[in-house]
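Here's a quick briefing to read with the model open beside you.

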Amino acid sequence: MQKFFGEDVLYHGMPKYHASEESNLFLSLGHHVDVYFPPRKRSRVSAPFVFSEQIFKKQQTTIDALPDECLFEIFRRVSGSQEKSSCAFVSKRWLMLLSTIRRAEIKETVSSISNKKDEDLELSNGCLTRCLKGKKATDIRLAAISVGSSGHGGLGDLSILGNNASKVTNVGLKAIAHGCTTLRSLTLWNLSSISDEGVVEIANECHNLEKLQLSQCPNISHKSLIAIANNCPNLTSLSIESCSNITNEGLQAIGQKCPNLKLISLKNCSQIGDQGVASLVSSSSSSLMKVRLHALNVSDTCLAVIGHYGMSLTELTLIDLPNVTEKGFWVMGSGQGLQKLRSLVIVNCTGVTDLGVEALGRGCPNLKLVSIRKSGLSDNGLVSFAKATQSLETVLLEECHIITQIGIFGFVVNSGALKNLSLTKCFGIKDSPMIIHSALSPCNSLKSLTIRNCPGFGNFSLALLGRICPQLQDIVLTGLSGITDSGVASLVQNSESGLTKVDLSGCVNLTDKIVSEISMAHGGTLEVLNLDGCGLITDASVVTIAQNCSLLRELDVSKSAITDFAIAALACAEHLNLQVLSVSGCQVSNKSLPFLKKLGESLIGLNMMQCRGVTSAAVGALEGQIWKCDILV
């Protein structure tokens, strides 16, 4: 028997109980044990013991307690698209972690190997198209697209159109790169928060990229283009606009390593010049088909390279090139490399003169469409151009103020294949009598004539065109305040093929007489008639139209003098099947509603804007009766 003095010990130096009272409470010693302990009153216990919650509470452990590294290892073993989507729904953290997993990092499990072949076929389609605009463009949405698209055919086309509210960063682009390797088309617009880091990741992972559009992305430089060139050999279309950090070096890489490039569009890039464009065109001469240069610091050298190496070019657009002179256009046309060119658009280039245009006509024998705007082209150059190329079918001239009436008619009679001629805001044209030799061959190929806002174009000019262009079918004469019934009558009377479209909007001096003549002479072929703003047109014109124009599909008599009687006449026509009717600003009232209801059997569009005689209640009732028709009020 051992006697203890002080504290009981379990072994030397360690107490068994923290207090002597504990031993009295918890030790029940038998009567045969002789142990000395100071006498103490027994404690009365009237309730169960309540232990401290802080001492005995166990912390609940969840999967969220795992660090990102552990979750990453778990997620990369989840290979099924449905399983991934289910995990992504748990939290934003899980979604963002899933979007960081590259396809090459996914570890196949035994259960997923059997389905791998089918999933690969599904992923290779790239059939989905997604477009994020404004505040909806965020990294979270891009991560969701990255994780979710793989189970629905794969992402093929992605457009991110940003603004000040957009929250897209390189994190979002990386998510797309990791999960959307099927991406073929990418558009990034107005995104100042992304840089080369995101685009380079796209290039490293999305090797099937075919189309890239970059616009207003100031932090993207030539490094992105170099990465695209090194990793995306299937690139066919590249468009760059207002990216101030992209230089010639990037274009050189694209030209050298993208043999399938077919379209290049460059606009307002201050660091791109002759070296970049020339290298791109010369390196891709066998495949490049479309080139668009807008507001660049290029010179005559650039155009010379295009004229020599553009052997596959079919479309060329040159806009706002202030450093290009007459020499550049002459050398481009004389280079004999644009044999396949079919479309040429030149806007606001001061170097466009008679000499350069004539050279282009000789050097582009297969040219079909030419559009020239804001140039110094004169009558001599226009006529020489027509004689040099006999393949032209469509010519559009806008704001060419040096060209006169003589140049227009000289061009028409010397064009052997011209089908469409459009003149807009050419203020140099003055209406004056002209004598045309009777032996002059007419231009039987011209089918469509458009003259807009050329105030000098009058009755004499229309009469001459009517004589030399007897096969006209489409006539658009808008904003010509100087023409009257007699001028239009010449076109109407000389048209042998039958007019199908007549647009006389804004010709304020036309009357019911010319409308009656048009409807009676060409009612069997007329499909579209626009008399918007012709204030002298009355109900008599509409009555004649209803009686004679059985094929008419579209009629616009806005801001004319018609009344309810005209609507009734249209509704009572037996063979008329109008699809679009515009009576905006006319003096029609609620009395027309029963007749409009009948017309609604065939109408798909009705314009009743500014018709003050028609109440909103009446329009509401009409909408319920002709619900298939879109009504503008």
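**Helix packing**

Helix α18 (residues 405–414) and helix α19 (residues 459–468) pack at an angle of about 10 degrees, with axes 11 Å apart. That angle makes α18 roughly parallel to α19, since angles under 35 degrees count as roughly parallel, over 145 as roughly antiparallel, 65 to 115 as roughly perpendicular and the rest as oblique. This is a predicted model, so local features need pLDDT of at least 70 and side-chain atom pairs count only at pLDDT 80 or more, while totals for chains, interfaces and linings use all residues. Residues are numbered from 1 along each chain as its sequence is written, and side-chain values use heavy atoms, with hydrogens and water left out.

- On the α18 side, the contact (heavy atoms within 4.5 Å) is made by Gln-405, Phe-409, Val-412 and Val-413, and α19 brings Ser-461, Leu-464, Leu-465 and Ile-468.
- Sort the residues of the α18 and α19 contact by type and you get six nonpolar, two polar and no charged. Here Ala, Val, Leu, Ile, Met, Phe, Trp, Tyr, Cys and Pro count as nonpolar, Asp, Glu, Lys and Arg as charged, and the others, Gly among them, as polar.
- A second pair, α22 and α23, packs at an angle of about 0 degrees, with axes 9 Å apart. Those two helices are therefore roughly parallel to each other.
- Asp-539, Val-542, Val-543 and Ala-546 of α22 meet Phe-565, Ala-566, Ala-569 and Leu-570 of α23. By type, the residues of this contact come out as seven nonpolar, no polar and one charged.
- For both pairs, axes are lines fitted to C-alpha atoms, for helices over the stretch in contact, and angles run from 0 to 180 degrees between N-to-C directions.

**The chain as a whole**

- The protein chain has 25 helices and 22 strands. Helices (H or I, at least four residues) and strands (E, at least two) are DSSP runs, numbered from the N terminus.
- Of its 633 residues, 48% count as buried. Buried means under 20% relative accessible area, exposed over 50%, and partly exposed in between (1.4 Å probe, protein chains only).
- Take the contacts between residues at least 6 apart in sequence: 81% of them join residues at least 24 apart.
- The largest nonpolar core has 162 residues, and Leu-188, Leu-477 and Leu-581 have the most contacts inside it. Such a core is a set of buried Ala, Val, Leu, Ile, Met, Phe, Trp, Tyr and Cys residues joined through side-chain atoms within 4.5 Å.
- Leu-477 touches, among others, Ile-451, Leu-462, Ile-483, Val-488 and Leu-491, not counting residues up to four places away in sequence.

**Buried residues to look at**

- Ser-541 sits in helix α22 (residues 539–548) and counts as buried at 1% relative accessibility.
- Leaving aside neighbours within four places in sequence, Ser-541 is in contact with Asp-512 and Val-515. With Asp-512 there's a side-chain to side-chain polar contact at 2.4 Å; a polar contact is a pair of N or O atoms within 3.5 Å, and within protein one must be able to donate a hydrogen and the other to accept it, with residues adjacent in sequence counting only if both atoms are side-chain atoms.
- Thr-317 belongs to strand β10 (residues 315–319) and, at 14% relative accessibility, counts as buried.
- Setting aside neighbours within four places in sequence, Thr-317 contacts Val-291, Arg-292, Leu-293 and Val-345.

**Loop residues**

- Asn-366 is in the loop between α16 (354–363) and β12 (369–373), partly exposed with a relative accessible area of 38%.
- Although Asn-366 and Leu-341 are 25 residues apart along the chain, their C-alpha atoms are separated by 6.2 Å.
- The side chain of Asn-366 also reaches the backbone oxygen of Gln-339 at 2.6 Å.
- Most residues other than glycine have a negative phi. Asp-320, however, has a positive phi near 50 degrees; Asp-320 lies in the loop between β10 and α15 (326–334) and counts as partly exposed at 27% relative accessibility.
- Lys-559 isn't a glycine either, yet has a positive phi of about 55 degrees. Look for Lys-559 in the loop between β19 (554–556) and α23 (564–572), where Lys-559 counts as partly exposed at 46% relative accessibility.
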